[in-house]
Every structure is written in structure tokens, then in C-alpha cells.
Amino acid sequence: MSIPQGGLCKQVMERAFQQRFETSPAWVVRAPGRVNLIGEHTDYNDGFVLPLAIDRAVWIALRPRADRRMVVHSLDFHETTAFALDELLRGKHGWAEYVKGVAWVLQEKGYAIRGWEGVVAGDVPVGAGLSSSAAFELALARAFAAASDLPWDAATMALLGQRAENEWVGVRCGIMDQMISAAGRAGHALLIDCRTLHTEAVPFPSETTVVILDTATRRGLVDSAYNQRRSQCEATARAFGVPALRDVSVERFAAESGRLDEETRRRAWHVLSENDRTLKAAEAMRHGDALAVGHLMNASHDSLRDDFGVSSRELDVMVECGRAHPACFGIRMTGAGFGGCAVALIRRDLADSFTSQVAASFRSATGIEPVVYVCSATEGASVV
Ligand code: GLA
């Protein structure tokens, strides 16, 4: 049921580098994927999110080069990309575009970067909504920072990773995924103010653990639906005459939202209510109140399903299966939606029973084999 963990580590990466380049790497870096506990579709509205960096990551072993060339081999795709830092050309979409995108954005920002050669591998499942892209961007940023002796500031690097994704790879996304991959704290979730990028590490209630429940469904529509939701939110903020939905108070919304059409009103209400739930969940975490956190997670799912319209049948079934188990404090879809994963906060002592029983009931309800596993909160991008 669970994916074997710990396959990737410093030694494995060092050995892979040695085999390819016949010498030792100077550094091994890693940057984690993430799961979001609560605060969904709030980041691009300048709101609040509460994700954790997970124990799945993208790893790079590298050594600087004397010329200004890059040579990177992907152990997952069995491909090598090679190019000069002074001749960055867009290729067709693929993993190599991330390498070029991060090199481009660092140079755009005026950093003097050196070329390096390296091997890359990851165990963040691709397309599951666990931010394998952000993990790759931050691992690359960490690698460039190591090779070029750049200062490492998590928020600065997260913004650069987001810009590489937006402008080079061409995918619109908020700042949550890059921020948590850059700044995650072991054993904690991170309350992120997506306007100021202020972060606060909040501990988990004792005796709880986080479970990721992958429905094994992937929807092609995610990008267009994401962009559409985003535009709707931006248009509503404009209608209220404010920079972002974050600036509309619940009172003002209650008084003035009558003029919006029903769908637009419900989309905006999700964002407003989700910001409120996220702040309350962080407060409940500080007090160790797992019941309250779980209750807010459940309400978040219902809002994403009914008001924001980004759940799917399989996600709803997974959430129902999870809620039926006595170990569950709360469960919700996580990430952009339309497929991918749910996240649950559960009693740690019942984790085995929870993962096996929920997987079995999901399987019998849908005929799909899910992947359900306990995860732990790790540090953000680092040299290991
Ligand atoms: C995707 C984006 C994030 C965020 C979530 C929804 O993961 O990359 O920036 O908007 O969707 O909360």
C-alpha cells in the first residue's frame, strides 16, 4: 500500500554522480514536495496557507564547472540536458525547461551564476498535486546557490522559482508551493502570509499524524480550470476596488455581494471563508486542538466542493471514506483539485488501521487502487 521510502539519500546521489562523472560531487542538495493542510486557492488572492514540506523530495548531486556550461542528467527520465548559460533557448516542455528556467531567472535578477554538472532524481510523485515542480525549482536554485556561492534567502528564492514556472515553463501558480519547499520546518506546518511572505512554524497537536491519500486520478483540465478560477477571483477583487480578495472583509462582502452573480459570489466566498479557517486552524494548532483543526479541514473540503467547484467524484469518495474512520480528525482535498490527493489529520496510534481500511473502502467504492501513506514534515531546501 505505501510507497517505499528512503530510497533517495545522500549516498545514493553521490554514487550516481560518481558513476556518471567519474569523480565525487562537491554538494548534494534536496528540496521537498509539499502537502497543504488548509488554505486552498487562497495564495493567489494574497491570503493565508498552512502547508508542510513532506518527506519526498528532488535531489541533486553536483560539481561546479570551469566553463559556463550546464550538464544535468535525470536519473528518472534517463536523459541528459546540456547547454551554455549564455545561450538559453526554450525547448519543448519537459524537465530540462525547469533547469533553463531557473538559470534564466537567476541571471535576469543579476546573479552571477556558474555552470555545474550534476545528476537529479526525485521521489515526489509527478502530477499528484504534491508540487514536484516547485521541489525541482528549489532544488535547482539550491544547486546554483551552492555552485555560485549565492546568499540563500528562502523567500527570495521561492519568488524566483515561481517566476521561472510562470514565465519560462508557462504555468500560472501562486507562491505557496515554492515558499514551503524553500522554507519548510521539520515537525511543523508553516503558516504563510502570501502577501508579505511572513512565515510562522506551527507544531502539530501531539498524538496526531498527517496522511496523504492519492486517488490515483489525474485530470487534464486542471490548468484551464485553475486559470479560470484565478481570473474570477481577480475580477471580483476589481469589482470591490481592492488589490486582492484578501482585502474584502466578511462584513463588506455580506453587505455588497448581492450584486454579484451566484457563481462568482460562491467562488469569492470560498476564498474569504478559507482565509478565516486557515487562521483559525493555525490558532488551534498552537493550542494543540486537533479536533478543531480537523473540523476546519472538513469545512474546507465542503467549501472547495460546493462553493469553489474544484473537487472531483473520487476526491469526494476518498473524503467520505476517511471521515467514516474513527481515527480521523479531518480530511479534505489538497492542492489545485480535480483529482490528485486528499490530506487527513488522524490519531497517530491508529495510523495502520486508517491507511488500510480507508484504502480498502475507496477501492471497493471506485474500483481504483489508491496510494495511502503517512508523511512527516521535513526541512525546506537544503544542502545535505
Ligand atoms: C496549485 C498552485 C498553488 C495553489 C494551489 C491551490 O498547487 O501551484 O499556488 O494556488 O494550487 O491552493
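Predicted model: local features only at pLDDT ≥ 70, side-chain atom pairs only at ≥ 80, totals over all residues.
Q: How is the protein chain divided, to start with?
A: The chain is divided into domain 1, residues 10–199, and domain 2, residues 204–375. The C-alpha centres of domain 1 and domain 2 lie 26 Å apart. Their contact takes 35 residues from domain 1 and 44 residues from domain 2.

Q: And the ligand, which residues are around it?
A: The residues around the ligand are R34, E40, H41, D43, Y44, C173, G174, M176, D177, Y226, G335 and A336. Each of domain 1 and domain 2 supplies at least three residues to this shell.

Q: How many of the shell residues are nonpolar, polar and charged?
A: The shell around the ligand has five nonpolar, three polar and four charged residues.

Q: Which distance goes with the polar side-chain atom of R34 and the ligand?
A: A polar side-chain atom of R34 is 3.0 Å from an oxygen atom of the ligand. For D177, an N or O atom of the side chain is 2.6 Å from a ligand oxygen atom. For Y226, a polar side-chain atom lies 2.7 Å from an oxygen atom of the ligand. The ligand has 310 Å² of accessible area on its own, and the protein covers 92% of that area.

Q: Changing topic: where does V126 lie?
A: V126 is in the loop between β6, residues 116–122, and α3, residues 132–148.

Q: Is V126 buried or exposed, and why?
A: V126 counts as exposed because its relative accessible area is 65%, and exposed means over 50%.

Q: What does V126 touch, leaving out residues up to four places away in sequence?
A: With those residues left out, V126 touches S132 and R218. As for distance, the C-alpha atoms of V126 and S231 are separated by 26 Å, and these two residues are 105 residues apart along the chain.

Q: You mentioned S132. Where does S132 lie?
A: S132 lies in helix α3. Its relative accessibility is 15%, so S132 counts as buried. Beyond four places in sequence, S132 touches V58, V124, P125, V126 and G127.

Q: What about S131, where does that residue lie?
A: S131 lies in the loop between β6 and α3. S131 is buried, with 10% relative accessibility.

Q: What is phi of S131 near?
A: Phi of S131 is near 65°, a positive value in a residue other than glycine. In general, most residues other than glycine have a negative phi. D149 also has a positive phi, in this case near 55°, and D149 is not glycine either.

Q: And D149, where does it lie, and is D149 buried or exposed?
A: D149 is in the loop between α3 and α4, where α4 covers residues 154–169. Its relative accessible area is 69%, so D149 is exposed.

Q: Let us move to helix α10. Which of its residues are buried?
A: Helix α10 runs over residues 313–323, and its buried residues are E314, L315, V317, M318, V319, C321 and G322.

Q: What covers the buried residues of α10?
A: The cover includes the strands β9 (208–214), β10 (328–333) and β11 (341–347). It also includes the helices α9 (290–308) and α11 (351–366).

Q: Where is the place of S311?
A: S311 is in the loop between α9 and α10. At 14% relative accessibility, S311 counts as buried.

Q: Which side chain does a polar contact join to that of S311?
A: The side chain of S311 is joined to that of D316 by a polar contact of 2.7 Å. Not counting residues up to four places away in sequence, S311 touches H301, L304, R305, D316, M333 and F338.

Q: Last one: where is S353?
A: S353 is in helix α11. Its relative accessible area is 27%, so S353 is partly exposed. S353 touches H325 and V358, again not counting residues up to four places away in sequence. The C-alpha atoms of S353 and H295 are separated by 21 Å, and the two residues are 58 residues apart along the chain.

Terms used
Residues numbered from 1 in each chain as written. Heavy atoms only, no water. Near = heavy atom within 4 Å. Polar contact = N/O pair within 3.5 Å; in protein donor to acceptor, adjacent residues only side chain to side chain. Areas by Shrake-Rupley, 256 points an atom, 1.4 Å probe, with all protein chains shown as cover. Nonpolar A, V, L, I, M, F, W, Y, C, P; charged D, E, K, R; others polar. Domains from an automatic or database assignment. Helix = DSSP H or I, 4+ residues; strand = E, 2+ residues; numbered from the N terminus. Buried < 20%, exposed > 50% of the residue type's maximum accessible area, 1.4 Å probe, protein only. Contact = heavy atoms within 4.5 Å.
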